[in-house]
Amino acid sequence: MAQVQNHGHTTTAEMVVDHQEEVLRRRNEELERELKRSMEREEKMKMELQKIWERLRVAEDAEERLCSQLGELEAEAMDQARDYRERIITLMEQLSAAQKLIQSASLHIPSSSMAL
């Protein structure tokens, strides 16, 4: 199959080798382009991951602040509820004392003064 031609002409074997070299060169270029695209995608994904990581850190910080504020609000609400309960008890005691005083006073009023 390998025909050798004289006088500076290209042989079939040389043409096959040249064709294989061209195919390999094109394949190599294609692989290099794909590698470059892959590296660019990887870099883009790294940047995205970094952005997501930063957003996650910000969200975690915000969550910690919110939990702290919620704890403070719960403590404040408990204090207010305790104060409100104490105020109600005080008012109930005052009302009870006032009712006893009224009952006691109405028992001591002579019936003749009520007719006036």
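Partly exposed is used here for a residue whose relative accessible area lies between the buried range, under 20%, and the exposed range, over 50%. The model shown in these views is predicted, and the structure holds eleven salt bridges.

**View 1. Salt bridge between Glu29 and Arg25.** In this close-up, the side chains of Glu29 and Arg25 meet in a salt bridge, with a distance of 2.6 Å from N to O. The two residues are four residues apart in helix H1, and are therefore separated by about one helical turn. Glu29 has a relative accessible area of 31% and so counts as partly exposed, and Arg25, with a relative accessible area of 38%, is likewise partly exposed.

**View 2. Salt bridge between Arg25 and Glu22.** Arg25 also forms a salt bridge with Glu22, and here the closest N and O atoms are 2.2 Å apart. Helix H1 covers residues 12-107, and within this helix Arg25 and Glu22 are three residues apart, a separation of about one helical turn. The relative accessible area of Glu22 is 25%, which means that Glu22 is partly exposed.

**View 3. Salt bridge between Lys51 and Glu48.** The closest N and O atoms of Lys51 and Glu48 are 4.0 Å apart in the salt bridge that these residues form. Both lie in helix H1, three residues apart, or about one turn of the helix. Lys51 is partly exposed at 45% relative accessibility, and Glu48 is partly exposed with a relative accessible area of 36%.

**View 4. Network of Glu22, Arg25, Arg26 and Glu29.** Through salt bridges that share partners, Glu22, Arg25, Arg26 and Glu29 are joined into one network.

Terms used
Residues are numbered from 1 along each chain as its sequence is written. This is a predicted model: local features need pLDDT of at least 70, side-chain atom pairs count only at pLDDT 80 or more; totals for chains, interfaces and linings use all residues. Side-chain values use heavy atoms; hydrogens and water are left out. Buried means under 20% relative accessible area, exposed over 50%, partly exposed in between (1.4 Å probe, protein chains only).
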